[in-house]
Amino acid sequence: PVEELRAMTLADFRALSRDPKEATLKIRDKVDLLGEQSFDMRQRGIRAWQESGANRAYFELLRRLLGGQQFEAAEADLKAKSLSAPSRTEFDALMELNRGLRFG
């Protein structure tokens, strides 16, 4: 599961479920499963998720939003550069997931 989390792209995230909230629950389940093995494995799972392409796409969009771009403009800009960009519902679900995944 650690490498699966690390390798997850936005397309992989979308393949987990049509509903972004359901997809994030599946990711959380993977992290929780690792946590049942050990605290260290849970931390490795969280780090792997943080390094994933899906999470990097989320943070790239967030960076643009914090820089003052409107959501639609930031999303279109990323897509114009052939980069993956989460939809608004995916962005919101990923934000909640990242808030919930904490070390410790």
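**Charges, core and backbone in a predicted model**

Me: In this predicted model, P1 lies in the segment before α1; is P1 buried, partly exposed or exposed?
Reply: The residue P1, which is found in the segment that precedes α1, has a relative accessibility of 44%. Buried requires under 20% and exposed requires over 50%, so P1 counts as partly exposed.

Me: What distance separates the C-alpha atoms of P1 and R44?
Reply: Along the chain, P1 and R44 are 43 residues apart. In the model, the separation of their C-alpha atoms is 9.8 Å.

Me: Which residues of the largest nonpolar core touch the most other members?
Reply: This core has 27 residues, and the elements that give two or more residues to the core are α1 (2-6), α2, α3, α4 (39-51), α5 (53-66), α6 and α7. The residues that touch the most other members are M8, F13, I27 and W49.

Me: Which element gives the most to this core?
Reply: Among the elements that give two or more residues to the core are α4 (39-51), α5 (53-66) and α6. With five residues, the element that gives the most is α5.

Me: How many salt bridges does a search of the whole structure find?
Reply: Side chains of opposite charge can pair when their charged atoms come close. One of the pairs in this model is E90 with R14, whose side chains meet in a salt bridge at 2.7 Å, N to O. Across the whole structure, the number of salt bridges found is eleven.

Me: How many residues apart in sequence are the parts that the pair of E90 and R14 ties together?
Reply: The side chains of E90 and R14 meet in a salt bridge. Because E90 lies in helix α7 (residues 88-100) and R14 in helix α2 (residues 10-16), the pair ties together parts whose separation in sequence is 76 residues.

Me: Which helices hold E72 and R88?
Reply: E72 forms a salt bridge with R88, and their closest N and O atoms are 3.0 Å apart. The pair ties together parts that are 16 residues apart in sequence, because E72 lies in helix α6 (residues 71-80) and R88 in helix α7.

Me: What is the N to O distance in the salt bridge of E96 and R99?
Reply: Both residues lie in helix α7, three residues apart, which is about one turn of the helix. At 44% relative accessibility, E96 counts as partly exposed, and R99 likewise counts as partly exposed at 44%. Their side chains meet in a salt bridge with an N to O distance of 2.5 Å.

Me: Which residues gather with E22 in a patch of negative charge on the surface?
Reply: E22 has its place in helix α3 (residues 20-37) and is partly exposed, with a relative accessible area of 34%. The residues that gather with E22 in the patch are D19, D29, D32 and E36.

Me: What is the phi value of S82 near?
Reply: Most residues other than glycine have a negative phi. S82, in the loop between α6 and α7, is exposed with a relative accessible area of 68%. The phi of S82 is positive, near 60°.

Key:
Residues are numbered from 1 along each chain as its sequence is written. This is a predicted model: local features need pLDDT of at least 70, side-chain atom pairs count only at pLDDT 80 or more; totals for chains, interfaces and linings use all residues. Side-chain values use heavy atoms; hydrogens and water are left out. Patches are made of residues with over 30% relative accessible area and no salt bridge: like charges are joined within 9 Å, nonpolar side chains (Val, Leu, Ile, Met, Phe, Trp, Tyr) within 5 Å. Accessible areas come from the Shrake-Rupley method with a 1.4 Å probe; for residues, only the protein chains shown count as cover. A salt bridge is a side-chain nitrogen of Lys or Arg within 4 Å of a carboxyl oxygen of Asp or Glu. Lys and Arg count as positive and Asp and Glu as negative; His and the chain ends are not counted. The place of a charge is taken as NZ of Lys, CZ of Arg, CG of Asp or CD of Glu. Helices (H or I, at least four residues) and strands (E, at least two) are DSSP runs, numbered from the N terminus. Buried means under 20% relative accessible area, exposed over 50%, partly exposed in between (1.4 Å probe, protein chains only). A nonpolar core is a set of buried Ala, Val, Leu, Ile, Met, Phe, Trp, Tyr and Cys residues joined through side-chain atoms within 4.5 Å.
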